[in-house]
Amino acid sequence: MKKFRKVLDGLTTSSPGGTMGSPSCGSAAGTPTAAPTPKEIDVQETLVSENFQLCKTVRHGFPYQPTSLAFDPVQKILAIGSRSGGVRILGRPGVDCYCQHESGAAVLQLQFLINEGALVTACADDTLHLWNLRQRRPAVLHSLKFNRERITFCHLPFQSKWLYVGTERGNTHIVNIESFILSGYVIMWNKAIELSTKTHPGPVVHLSDSPKDEGKLLIGFEGGTIVQWDLRAKKADFRIYYDEAIHSVSWHHEGKQFMCSHSDGSLTLWNLRNTTKPFQLTFPHGKIQKDGRKESCKPILKVEYKTTRSSEPFVIFSGGLSYDKAGRRPALTIMHGKAITVLEMDYPIVEFMVLCETPYNNEVQDPYAVVVLLEKDLIVVDLTQSNFPVFENPYPMDVHESPVTCTAYFADCPPDIIPILYSIGAKNKKTGYSHKEWPIAGGTWTLGSHTYPEIIITGHADGSIKFWDASAFTLQMLYKLKTSKVFEKPKPGEGRAVELGEEDPFAVQMVSWCPHSRIFCVVGISAHIILYRFSKYDANTQIVSLEVRLQCEPEDIITPSENENNPCFSEPGSHSPQPHHQYPVSPGSRTPDSARDNIPCLKVKDKMVRVPPGYQSDLVIQLLWVDGEPPQQITSLDLNSAYGLLAFGNCNGLAVVDYLQKTVILCISTLDLYGATDPYQRLSRSPRRNRQSTSGLTELTDNQQSIDMERSKSPTSDHVNGHCTSPTSQPCSAGKPRIPMGPEGPRLTRRGPGRPPFRKAQSAACMEISLPVSHTEESRENSFSRSRSSSVSSIDRDTKEAITTLQFGESYGRKSDVLPTPCLWVGTSLGVVILIPLSIPTDHEERMEDPVTVGPSGAVQMLKGSMLRFGFLDCNGALIQSPYEVWRDLNAPEDPDRPRRRKLVHFSPSSSQDAFGEGHLAIVCSERQAKVFLMPSQSCLFVHNITESSFVLRADVVSLCNSVCLACFCANGHVMTLSLPSLRPLMDVNYLPLTDMRIARTFCFTNEGQALYLSSPTEIQRITYSQEMCDNLQEMLGELFTPIETPEAQNRGFLKGFFGGNAHTFDREELFGEAAAGKASRSLAQHIPGQGGVEGMKVAASGAVGELARARIALDERGQRLGELEERTALMMTSAETFSKHAHELMLKCKDKKWYQF
């Protein structure tokens, strides 16, 4: 615990030499007007470095670019491998684990050690890995790197410790799973095929042991050759040469037949009695054409041949469709008897797997479901019902249903918000799912003790918004909102969105949500804002629209001759209010020349609309085209439900909207915000004469008269200030308002005619994140588009100063203020902070009738780099929340006894102090620097340069361990936390070595030490920077492995066992062990020990009590199994004695009979 004391007496004059603009902690004012009385700031900071640790927690969504699939039929867990080397392991809801290969090589194949708690992965770098799943965080136990051959196929028989590995050269190697060492037993390709064969058979594409005899290995080569290899005799039983390439092979459970799928779309069924030709040849989708020939079909990539007790066998395969129809969707075909069912899929099929009741391949399979892994989805089909319905997927696999364009994360939400959103969203759920339980139900998961309501909001390219319940490391969809329903559908080939070349005109750029008032704001790429209110009742409503002209006019251009008489650069005191002009909008008077002037990008529905319960649009705000130029993207937004105000800005200026009265109360250019106190000398556009630049960034004098901008004007007036014409708000036609944007978040680039897809940032010190709306151009996401000059002393007029962050709150607009009042904090891309006081009527009736006025500002501060975030603390260091309005349902029936009035909750800076005038602390963070100011004196108490070599992408003031800190995420991948208010570095971790655009635009912090980002286009990665959560992570994650007794094999019967061969006498150890087969060549493969054992010990140490309990249970179960084994042995001995007795009696009875007497 550390105490920070600063004596503020005389601090305002502590700047060296009194020079303005020093980056040190100086006062914003040259003279300490209205400074507080000298006193001590005593803040006890409780956060220390030991409170912080960064680690990944859980990953949600669909595995990006999946490649392989595996299922453990006993443990009932599913594994999915991906092209980037990731492995997702799924069980019952809550059991969701992500593993990553360090090499990043694609996962070619997965093999579970069934009911053993282990998984083998074969990767594209020709390495095998053995993963230990008996711990909550799986780790690699062993690795085996092949040096001279490429792995193409692996097979691990049930209850075997020997893994068969096929290679590209056609050889088959055998690996001991326990030691992960190669056996000396090798099946060479030239031994497997006849010497008379002139061509190489190709890579091994299939390996499986015969259900009839485990000593027989079936090897399938890509070229069409199939060999059954006798492992004991080391020779081939038979060889099949087929003229079509083989893709997969599947056995009948009796081991007498197998089926192959081929590249010409055919299926062949082979009988072991006669291997010269196929027993059956079918083209399931090949029709006979008029000329008598079969039409050509696509390859059947995989086939599964599964038998049932009660009906005909299932033949399930992917591919095989005819080439005749262009654009046919991928399909999975289910052949059951004579019935053929084709299930069309939305995406290409990567892999599928049939789930069966038994893990034994020599028993009747009885399939009950088929898991289909698509490129962008996971589907499970119920095979027990004739119409083959799909199961409802409990995992959030549809995060990417439309590409995610922005995210927001809210921890410790009001407890009632999740049930309400779920009840509304449940009414719109799809139907027609299978009534059976989800079949992937392995593992165990319990609700941890450290849980609280969490909500994640995702915005998408199609304009949809999804609310997710993210509590307790799970993710479940609560509610979906479609913002495109507010607008008319653009006609094909027409519309302003088409003119702009915009592929997704409704794409969500940022969101703002107040969980307490349930007011929700969406900012779209077409420079539109939609404000939603929540209601439990449906309603008929007319969508109100506001149109705002926020565009710099040509008169903004400053020339040297104009500078002499330009009020923007006049001396303090010479500034005088300018007349206001009005630009009425008359849609009927537009001419072809002005067709793209004063019009929005989208058309709002003008009819009465019936809206269902949930979020209902209350106001739409749209920026207008000006002189053929589209409106600029909205770069910042803030909403305050207590004030009833919405503020938003872009690179042209700032607008404030009263959404209760549906009026614009302020619409002004960024330059006009300064009045006569512009901190920068703007360069002339003329190349002949350039104005001399000042030296360095300066902090401004707090001259009330010089900053007076005469902002209190009517909502429909222009602010014309000499040659600097502010953006104008247009008078709204009957019932047409517009919406503001959500809190600052990721930004999308607009595509205009002739413009490149990604426009550079127009603000000199601002990084504009280019958000690709194209679904396929992944490469564009991996580069920053930025124009940066954080320490410029002169600004080119070709660049515009953007509003980068906004924050409403109770503060002191001027140094002379005694009590806090509503204020708007404005941050720009040049690192300037402007504080605008607001005058808001307090009475309910007056608030709905009297206008909100904007007062002149007396506070301007400077920081390095573009502004990112504001935060407020009281003088005890506690976080001050923004005031809010308690939610009320405007569509609820009127109650005469309880009139519907607004109920506001305020958190005044002085509410926790003994006396008024105590002030509060303001945290101001830019992309390079953080400062803490004392209000109302505006004295800089602390300053910290966050980074010099990079820049901050995201910063938030967050609560953690009953205290607060400043969390920052930098473009170089560092995650940092700073103490408040002293700005001491507490944590600095190089988390992501490379940051791409996707992470940059979706990274967000929240309270309780959590954060998230989009790790791939389809997955959300959650992380924590809290030591406490890292310590409790093990108990919050699900268990992948649970002790389950392996099901017993069915009794094969005496005659079947006697005549069916000696399958159970096959000893692989005797054949493949070092004693019999010798050692493999050291140059062939290299064994690499893993870290799984060490991590397993750590897990065991962290949960010793749980492990001891499991060990005790395991011992009890082992004793119970031993007892059952003893009983079964006794029964078998009794049965054998009875059989022997009956056989002896039969022999005596038949001993003297002749052959003709039988």
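Trainee: Leaving aside neighbours within four places in sequence, which residues is N132 in contact with?
Mentor: With that limit, N132 touches G117, P138, A139 and L141. Keep in mind that this is a predicted model.

Trainee: Where is N132 found?
Mentor: In strand β10, which covers residues 127–132.

Trainee: Is N132 buried or exposed?
Mentor: Buried, because its relative accessible area is 15% and the cut-off for buried is under 20%.

Trainee: Which side chain makes a polar contact with that of N132?
Mentor: The side chain of Q135, at 3.0 Å.

Trainee: You said predicted. What is the mean pLDDT?
Mentor: The mean pLDDT of the protein is 78, and 74% of the residues reach 70 or more. Over residues 910–917 the pLDDT is below 50, and that stretch has ten contacts in the model beyond near neighbours in sequence. Residues 1094–1106 are also below 50, with eight contacts counted beyond near neighbours in sequence.

Trainee: New topic, sheets. What is the strand order in the open sheet of four strands?
Mentor: The order is β58-β61-β62-β63, and the pairing is antiparallel.

Trainee: Which strands stand at the edges?
Mentor: β58 (867–873) and β63 (939–945). Each has a single partner strand, so one side of each has no neighbour in the sheet. From one strand to the next, the twist averages 15 degrees.

Trainee: How many bridges join β62 and β63?
Mentor: Six, in the antiparallel sense, with β62 spanning residues 929–935. Within that pairing, L934 stands opposite S939 of β63.

Trainee: What holds strands together in general?
Mentor: Strands of a sheet pair through backbone hydrogen bonds, parallel or antiparallel.

Trainee: Now the inside. How many residues are in the largest nonpolar core?
Mentor: There are 38, and I455, I457, F467, F520 and Y615 touch the most other members. Helix α2, residues 417–426, gives the most to this core, with five residues.

Trainee: Why would nonpolar residues gather like that?
Mentor: In soluble globular proteins, nonpolar side chains tend to be buried together.

Trainee: Back to F520. What is F520 in contact with, leaving aside neighbours within four places in sequence?
Mentor: Among its contacts are I457, F467 and Y615. The list also includes V511, S512, W513 and Y532.

Trainee: And how many residues are in the second core?
Mentor: That separate core has 26 residues, including I803, F808, V826 and I836.

Technical notes
Residues numbered from 1 in each chain as written. Predicted model: local features only at pLDDT ≥ 70, side-chain atom pairs only at ≥ 80, totals over all residues. Heavy atoms only, no water. pLDDT = per-residue confidence, 0-100. Contact = heavy atoms within 4.5 Å. Helix = DSSP H or I, 4+ residues; strand = E, 2+ residues; numbered from the N terminus. Buried < 20%, exposed > 50% of the residue type's maximum accessible area, 1.4 Å probe, protein only. Polar contact = N/O pair within 3.5 Å; in protein donor to acceptor, adjacent residues only side chain to side chain. Pairing = 2+ DSSP bridges. Axes fitted to C-alpha atoms, helices over the stretch in contact; angles between N-to-C directions. Core = buried A, V, L, I, M, F, W, Y, C linked by side-chain atoms within 4.5 Å.
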